[in-house]
Amino acid sequence: MNGIKLKNCIQALLGSAVLAFGLYNVHAFSGVTEGGVLGLSLLLFNLFGLSPSVSGLMLNAVCYFVGYKVLGRSFITYSAVAAAGFSGFYALFELFPPLWPSLSDMPLAASVLGALFVGVGVGTAVRVGAAPTGDDALAMALSEKLRVQLQWVYLISDLTVLGLSLTYIPVTRIVYSLITVVISGQLIGFIQKIKIRI
């Protein structure tokens, strides 16, 4: 493929695996959610029982289409690898019971641990130009078109989804979700900027 590197595809898959692991083992059972497509996937899971392995792929397709128009072919190729990896890994993890079901009684720990998995997972994929959940594609495209800084696009998206999540998450838990989105967003940005030569 034109300029597509195997090591980047592997890194995109690794990031997707970390993300899916954290989303399933922490967020799906703790009552602490994410914003953006991740949070919307969890909202659909809680309201309708629709697995994030399905809803995530569908929602991401729309985001990737928008991102492709702005970010180009290599981005969409790496993102397709990452999105398929996320769905596959999440479906795999669903075959097993969650590792830490007791996190539902420790929302602060769940919010921080979940943010670490999301931040490291997405950050690892974003470093090679891949977006496992589509949030990055949509945020970058909107940032470019609207001339708004990327962090503000993320914040508006996350706050919108968290607001909708009040249909199944108590207000006191949403506070922990806010902690999650702030930590994970900062961690994604930090990991994206790390210079590593492989």
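In which kind of crossing does helix 1 pass helix 5?

Reply: Helix 1 passes helix 5 in a left-handed crossing. A crossing is left-handed if the near helix is turned anticlockwise from the far one by less than a right angle, and right-handed if clockwise. Two notes on the source come next. This is a predicted model, in which local features need pLDDT of at least 70 and side-chain atom pairs count only at pLDDT 80 or more, while totals for chains, interfaces and linings use all residues. Residues are numbered from 1 along each chain as its sequence is written, and side-chain values use heavy atoms, with hydrogens and water left out.

Back to the pair. Helix 1 spans residues 6-30 and helix 5 spans residues 107-126. Helices are DSSP runs (H or I, at least four residues), numbered from the N terminus. The two pack at an angle of about 160°, with their axes 7 Å apart. Axes are lines fitted to C-alpha atoms, for helices over the stretch in contact, and angles run from 0 to 180 degrees between N-to-C directions. Helix 1 and helix 5 are therefore roughly antiparallel. Angles over 145 degrees count as roughly antiparallel, under 35 as roughly parallel, 65 to 115 as roughly perpendicular and the rest as oblique.

Next, the loop between helix 5 and helix 6. Ala-131 sits there. Ala-131 is buried, with a relative accessible area of 0%. Buried means under 20%, exposed over 50%, and partly exposed in between (1.4 Å probe, protein chains only). The C-alpha atoms of Ala-131 and Tyr-168 are 27 Å apart. Along the chain, 37 residues separate them.

Then helix 6 itself. The axes of helix 3 (residues 52-71) and helix 6 come within 8 Å and cross at roughly 50°. These two are therefore oblique to each other. Helix 3 also passes helix 6 in a left-handed crossing.

Helix 6 (135-146) and helix 7 (150-164) each give two or more residues. Helix 7 gives the most, with 3. Leu-159 lies in helix 7. At 42% relative accessible area, Leu-159 is partly exposed.
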